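This briefing goes through the domain layout of a protein and then through the pairing of its strands, topic by topic.

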Amino acid sequence: MSEESENCPKCGAPLSEVAETATGRKLRRCSQGSWNPQTHKTEGCDFVLWLQVEPKELDEKCPKCGAPLILQVTRFGKKMKKCSAGGWDSEVKKPTGCDYVEWINGTREALDEKCPQCGADLILFTTAGGKRAKKCSTAGWDKVARQATGCTYIQWLKAG
Ligand SMILES: [Zn+2]
Ligand SMILES: [Zn+2]
Ligand SMILES: [Zn+2]
């Protein structure tokens, strides 16, 4: 990690090292400030510098335009694959360039179990938030019609 000697624009004290939140966002607090969990207030200087989580270039190409895809984490910790040819015009608040985005909805694993509704294989589905469910492998999502397709069987698993 590079030690950038940046100073707080509010009080001039050096910024502390990069910290990461539970959702994967990165920030640097002013070294003169600290979060008090008892009072739910920042004590001292309250300056926080949010860092942009650097997009990671993937070894995959955009199905729309062929540019490389990048992996991005949103402010809320959701992950998505985005076309590197796409951008965001903050003046008109509209996306520019290629608009291809694919949300990463977690992982799926094949199970050695059959769907009680249709007899197809079940898969173990883990959401981006860590919830797990057994789902029918024929279930899908029609992006054009914006509706679920295939078998609707789902069984959510309790954590732990
Ligand atoms: Zn400060
Ligand atoms: Zn593209
Ligand atoms: Zn099924």
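Strands here are DSSP runs of E with at least two residues, numbered from the N terminus, and two of them count as paired if DSSP finds at least two bridges between them. The model is predicted, and its domain assignment gives domain 1 (1–51), domain 2 (56–104) and domain 3 (107–157).

**Domain spacing**
- Between the C-alpha centres of domain 1 and domain 3 there is a separation of 42 Å.

**The three-stranded sheet**
- Three strands in the order β1-β2-β5 form an open sheet, and their pairing is antiparallel.
- Because β1 (19–20) and β5 (48–51) stand at the edges with a single partner strand each, one side of each has no neighbour in the sheet.
- Strand β2 (residues 26–29) is joined to β5 by four bridges, the two running antiparallel, and Leu-27 has Trp-50 of β5 as its bridge partner.

**The hairpin of β3 and β4**
- Four bridges pair strand β3 (residues 33–36) with strand β4 (residues 41–44) in the antiparallel sense, with Asn-36 standing opposite Lys-41 in β4.
- This hairpin has four residues between its strands, and His-40 takes a positive phi near 55 degrees.

**The four-stranded sheet**
- Another open sheet, with antiparallel pairing, has four strands in the order β12-β13-β14-β17.
- Its edge strands, β12 (107–114) and β17 (154–157), each pair on one side only.
- On average, and with direction ignored, neighbouring strands of this sheet are turned by 25 degrees against each other.
- Strand β14 (residues 132–136) and β17 run antiparallel and are joined by four bridges, and Ala-133 stands opposite Trp-156 in β17.

Key: Residues are numbered from 1 along each chain as its sequence is written. Chains are lettered from A and ligands numbered from 1 in the order in which they are written. This is a predicted model: local features need pLDDT of at least 70, side-chain atom pairs count only at pLDDT 80 or more; totals for chains, interfaces and linings use all residues. Domain bounds come from an automatic or database domain assignment. Axes are lines fitted to C-alpha atoms, for helices over the stretch in contact, and angles run from 0 to 180 degrees between N-to-C directions.
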